[in-house]
Amino acid sequence: GAVIVTGEARQDAAASPHLTAVRSGIYDVYLVDEPVGIVSDVPGLMQSVIGNQNISASSETAADTFVVRHNWFPRWSATVDGEPASVVKRSDGYFDVVPIQPGSELVVNYGADLWDWVARFALLSGVVVCIAMIAVPRWFGRLM
């Protein structure tokens with residue numbers, strides 16, 4: 001991984017033992033020495049696949065939790081081996097999925113609920129109405 005740093009953060013980035021400077025100028029570029037995957041803190045983590053609004057991973061060993069380094073939001077849901085699992089917000093803004101057993105398969109999905117679809121429909125309707133309010137008078141004006 002890499003990070004781009006500007007402003008007041010430059011001093012902290014330069015002093016960090018986890019970053020290696022690559023470029024200086026208007027902005028500084030640093031390589032992260034030991035990047036961590038999106039699903040981590042699990043011994044024996046076999047895979048981590050990130051798709052469109054879903055994350056999957058598996059582990060061969062037991063662990064208390066899968067730590068998912070993605071921003072927590074109430075619409076995240078998880079299953080472990082096909083059974084619903086708890087998604088717990090962490091103090092750092094990420095989330096944990098519990099419980100985990102040896103050989104567990106984790107699937108985390110971000111799903112839109114009814115209110116998301118209602119809001120999308122309202123937005124689309126508003127755009128159509130605004131276009132109609134502009135276009136229809138002009139169109140009728142040309143006919144007369």
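Tryptophan 76 is buried, with a relative accessible area of 10%. That counts as buried because the cut-off is under 20%. Keep in mind that this is a predicted model.

So what does this tryptophan sit with? Phe73, Trp76, Phe95 and Tyr110 form one aromatic cluster.

Let's take the rings pair by pair. A pair of aromatic rings is described by how far apart the centres are and by the angle of the planes. How many aromatic pairs does the structure hold? There are three. One of them joins phenylalanine 73 and tyrosine 110, which are tilted at 45° between the planes and lie 6.1 Å centre to centre. This pair links distant parts of the chain, 37 residues apart: phenylalanine 73 is in the loop between strand 7 (66–68) and strand 8 (76–80), while tyrosine 110 belongs to strand 11 (residues 105–110). Tyrosine 110 also pairs with tryptophan 76, this time edge-to-face, with 5.3 Å centre to centre and 70° between the planes. Tryptophan 76 is in strand 8 and tyrosine 110 in strand 11, so this contact ties together parts of the chain 34 residues apart in sequence.

Here is how accessible the residues of these two pairs are:

| Residue | Relative accessible area | Class |
|---|---|---|
| Phenylalanine 73 | 37% | partly exposed |
| Tyrosine 110 | 27% | partly exposed |
| Tryptophan 76 | 10% | buried |

Put together, tyrosine 110 is partly exposed, and its edge-to-face partner tryptophan 76 is buried. Its tilted partner, phenylalanine 73, is partly exposed.

Rings turn up in another kind of contact too, this time with arginines. Which ring does the charged end of arginine 23 sit over? That would be tyrosine 27, with the charged end 4.5 Å from the ring centre. Arginine 120 does likewise with tryptophan 117: its charged end sits over the ring, 4.6 Å from the centre.

Three strands make up an open sheet in the order 1-3-2, and the pairing is antiparallel. At the edges are strand 1 (2–5) and strand 2 (19–23), each pairing on one side only. From one strand to the next, the twist averages 35°. Strand 1 meets strand 3 (residues 28–32) in the antiparallel sense, over four bridges.

Key: Residues numbered from 1 in each chain as written. Predicted model: local features only at pLDDT ≥ 70, side-chain atom pairs only at ≥ 80, totals over all residues. Heavy atoms only, no water. Pairing = 2+ DSSP bridges. Helix = DSSP H or I, 4+ residues; strand = E, 2+ residues; numbered from the N terminus. Axes fitted to C-alpha atoms, helices over the stretch in contact; angles between N-to-C directions. Phe/Tyr/Trp six-rings, centres within 6.5 Å; stacked < 30°, edge-to-face > 60°. Buried < 20%, exposed > 50% of the residue type's maximum accessible area, 1.4 Å probe, protein only. Lys NZ or Arg CZ within 6 Å of the ring centre and 35° of its normal.
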